[in-house]
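Thank you for making time this morning.

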Amino acid sequence: MAWLALVVSGLLETAWAISLDRSAGFSRPVPTVVFAVTLVLSMAGLAYALREIPVGTGYAVWVGIGAVGTATVGILALGEASSLPRLACLLLVVAGVVGLKVFH
């Protein structure tokens with residue numbers, strides 16, 4: 001259950017990061033509220049997961065999921081540049097997250 005909470009929390013990290021960008025410096029109310037709610041839920045899920053998963057592993061997996069998720073949304077939905085080196089780096093992050101889970 002802790003790993004499921006950690007993965008969901010990582011996905012929520014993606015949601016709050018995108019919402020933060022869309023809030024335009026907290027000047028737009030709906031993205032600001034989405035940011036606040038997903039931030040709290042993401043942190044709560046991380047805190048729950050860290051009750052069973054070591055902090056180094058849990059935090060690295062959480063950040064990795066959030067970083068790859070945010071970069072993927074940026075590329076697919078927000079028109080950010082994608083290049084072979086950038087995609088290769090994202091794959092390295094994914095490999096690191098998978099490795100942390102496998103070798104936990």
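This is a predicted model: local features need pLDDT of at least 70, side-chain atom pairs count only at pLDDT 80 or more; totals for chains, interfaces and linings use all residues.

**The loop, the helices and their contacts**

Let me start with F26, whose place is in the loop between helix 1 and helix 2, where helices (H or I, at least four residues) are DSSP runs, numbered from the N terminus. Residues are numbered from 1 along each chain as its sequence is written, and side-chain values use heavy atoms, with hydrogens and water left out.

F26 has a positive phi of about 65 degrees although it is not a glycine. A24 is also found in the loop between helix 1 and helix 2, and A24 has a positive phi of about 50 degrees, again without being a glycine. As background, most residues other than glycine have a negative phi. A24 is partly exposed, with a relative accessible area of 44%; here buried means under 20% relative accessible area, exposed means over 50%, and partly exposed is in between, with a 1.4 Å probe and protein chains only.

Rings of Phe, Tyr and Trp (its six-membered ring) pair if their centres lie within 6.5 Å, and planes under 30 degrees apart count as stacked, over 60 as edge-to-face and the rest as tilted. By this rule the count comes to three aromatic pairs. The rings of F26 and F35 have centres 5.5 Å apart and planes at 50 degrees, so this pair is tilted. F26 is partly exposed, with a relative accessible area of 48%, whereas F35 is buried at 12%.

Y59 and W62 form another tilted pair, with 5.6 Å from centre to centre and 35 degrees between the planes. Both of these residues lie in helix 3 (residues 55-77), three residues apart, about one turn of the helix. Is Y59 buried or partly exposed? Y59 is partly exposed, with a relative accessible area of 46%, while W62 is buried, with 4%.

Let me turn to helix 2 (residues 29-49), which has 21 residues and reaches 30 Å from its first C-alpha to its last, close to the 30 Å expected at 1.5 Å a residue; the expected span is 1.5 Å times one less than the number of residues. The buried residues of helix 2 are P31, T32, F35, T38, S42, G45, L46 and A49. Seen down the axis of helix 2, these buried residues fall within an arc of 160 degrees, so they line one face of the helix, the arc being that of the directions from the helix axis to the C-beta atoms. On the other side of helix 2, P29, V33 and V40 are exposed, and for P29 the relative accessible area is 61%. What do the buried residues of helix 2 pack against? They pack against helix 1 (2-22) and helix 3, where contact means heavy atoms within 4.5 Å.

Helix 3 has 23 residues and reaches 32 Å from its first C-alpha to its last, close to the 33 Å expected at 1.5 Å a residue. Its buried residues include G58, V61, W62, I65 and G69, and the buried residues of helix 3 pack against helix 1, helix 2 and helix 4 (84-102). Just after helix 3, G79 takes a positive phi of about 75 degrees.

In the model, the chain over residues 33-50 is 94% helix and 0% strand, with the end C-alpha atoms 26 Å apart. Over residues 59-78 the chain is 95% helix and 0% strand, and the end C-alpha atoms are 26 Å apart.

Finally, the charged side chains. The structure holds two salt bridges, a salt bridge being a side-chain nitrogen of Lys or Arg within 4 Å of a carboxyl oxygen of Asp or Glu. R22 and D21 meet in a salt bridge at 3.4 Å, N to O; R22 is partly exposed at 35% relative accessible area, and D21 is partly exposed at 48%. E80 forms a salt bridge with R86, the closest N and O atoms being 3.4 Å apart, and here E80 is partly exposed at 36% and R86 is partly exposed at 30%.

Key. Helices (H or I, at least four residues) and strands (E, at least two) are DSSP runs, numbered from the N terminus.
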